[in-house]
Amino acid sequence: MALQRDEVVRTALRLLNEEGIDGLTTRRLARELGVQSPALYWHFKSKRELLDLMAEAMLAEALPPDREPDPAHWPEWVAADARAKRNALLAYRDGARVHAGTLPTEDELPAVEAQLSALCGAGLRPRTALRLLLTVDRYIMGWVTEEQAWRQDAADRERPPFPDEALRELPLLREAVDVLRMTDHDADFEYGLRVLIEGFRAEIAREAAEGAPASGRGSEVGRGSASGRASGAGRASGEQSSDGLT
C-alpha cells in the first residue's frame, strides 16, 4: 500500500512526543514507517515542510478552518483562538518549537483572509489587522516556548526557584514573587493577552481619529492581505470585562 501523507504526519507527531524535536529526523521517521528516506520526499521536500504540515495538524482540531469570525465581537474570537492555540501547542512535546518559523499552508489562507476581513470590518486597516494577528501569534510562540522549557526543566531543579532567603532584601520582588516563580501560567498568559488586545483597541481608535477608511470585504482587503496565523488576546484571569473575556 502506498504511503499516505496523513500517515507520515501522524507518525511524525507521535515520534515528536516520544523523542522531541531534536530526535525527529527523516531517517528515524522513515524507519518507523518501514520505508527508505527518499520515499518521504514524495510528500514533503524538506524537514521544514514536514514541520509546516505537523504544525497545521496540531492546530486543525483546536482552530477549524471553517470558523466564522464576527467583526462585532472580534476581541472574543481573537482571544478564544489564542487560548485554543496555546493549549494545542502545549499538548505536544516541543509544540512551540515545531510551530516557530512555519508558514501557513495554502489550505489555511482562506481562514486568514476571513480573519482579516472581520478585523477590517471592526475598523482596522488590512496592514494593521495582519500585524495584530502576527503580534499575538508571536506572543503565543514565545510564551509557550518558555512555558514548555520551564515545565520540562522543573524535574531537574534541585530546589524551587527563587527561595525566600534569596529575596529577603528585595521587597519589590517579594511582593510579586508568585509572578517571578511562575506559579500560575494561565493568569500570567491572560494578563499579557489583555494588554495586547487593549493596545489594538487603542489603535482602532487612533486610526478612526486620523480618518482612516474602515475596510470590510472590499478590494483593499484583497490587495493588502498576506499570510499569517490567527491568535488573539483576552482579559486577565479572574477578571470579567464588558466583552465577556475572563
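Start by selecting Arg5, Val8, Val9, Ala12, Leu13 and Leu16 in helix α1, which meet Glu49, Leu50, Leu53, Met54, Ala57 and Met58 in helix α4. Contact here means heavy atoms within 4.5 Å, and helices are DSSP runs (H or I, at least four residues) numbered from the N terminus. By class, this contact of α1 with α4 has 10 nonpolar, no polar and 2 charged residues. Ala, Val, Leu, Ile, Met, Phe, Trp, Tyr, Cys and Pro count as nonpolar, Asp, Glu, Lys and Arg as charged, and the others, Gly among them, as polar.

A word on what you are viewing: this is a predicted model, where local features need pLDDT of at least 70, side-chain atom pairs count only at pLDDT 80 or more, and totals for chains, interfaces and linings use all residues. Residues are numbered from 1 along each chain as its sequence is written, and side-chain values use heavy atoms, with hydrogens and water left out.

Now show the whole of α1 (residues 5-19) and α4 (residues 47-60): they pack at an angle of about 85 degrees, with their axes 10 Å apart. That makes α1 roughly perpendicular to α4 (a label for angles of 65 to 115 degrees). The axes are lines fitted to C-alpha atoms over the stretch in contact, and angles run from 0 to 180 degrees between N-to-C directions.

Next, go to helix α8 (residues 126-154) and pick leucine 130. Is leucine 130 buried or exposed? At 10% relative accessibility, leucine 130 counts as buried (under 20% relative accessible area; exposed is over 50%, partly exposed in between, with a 1.4 Å probe and protein chains only).

Stay in α8 and select tyrosine 139 and tryptophan 143, which lie 4 residues apart, about one turn of the helix. Tyrosine 139 is buried at 19%, whereas tryptophan 143 is partly exposed at 22%.

Rings of Phe, Tyr and Trp (its six-membered ring) pair if their centres lie within 6.5 Å; planes under 30 degrees apart count as stacked, over 60 as edge-to-face and the rest as tilted. Phenylalanine 189 sits in helix α11 (residues 185-209), 46 residues from tryptophan 143, and is buried at 0%. Ring pairs link Tyr139, Trp143 and Phe189 into a cluster.

Last stop: select arginine 86, whose charged end sits over the ring of phenylalanine 189, 4.7 Å from its centre. The rule asks for NZ of Lys or CZ of Arg within 6 Å of the ring centre and within 35 degrees of the ring normal.

Definitions and conventions: Helices (H or I, at least four residues) and strands (E, at least two) are DSSP runs, numbered from the N terminus. Angles under 35 degrees count as roughly parallel, over 145 as roughly antiparallel, 65 to 115 as roughly perpendicular and the rest as oblique.
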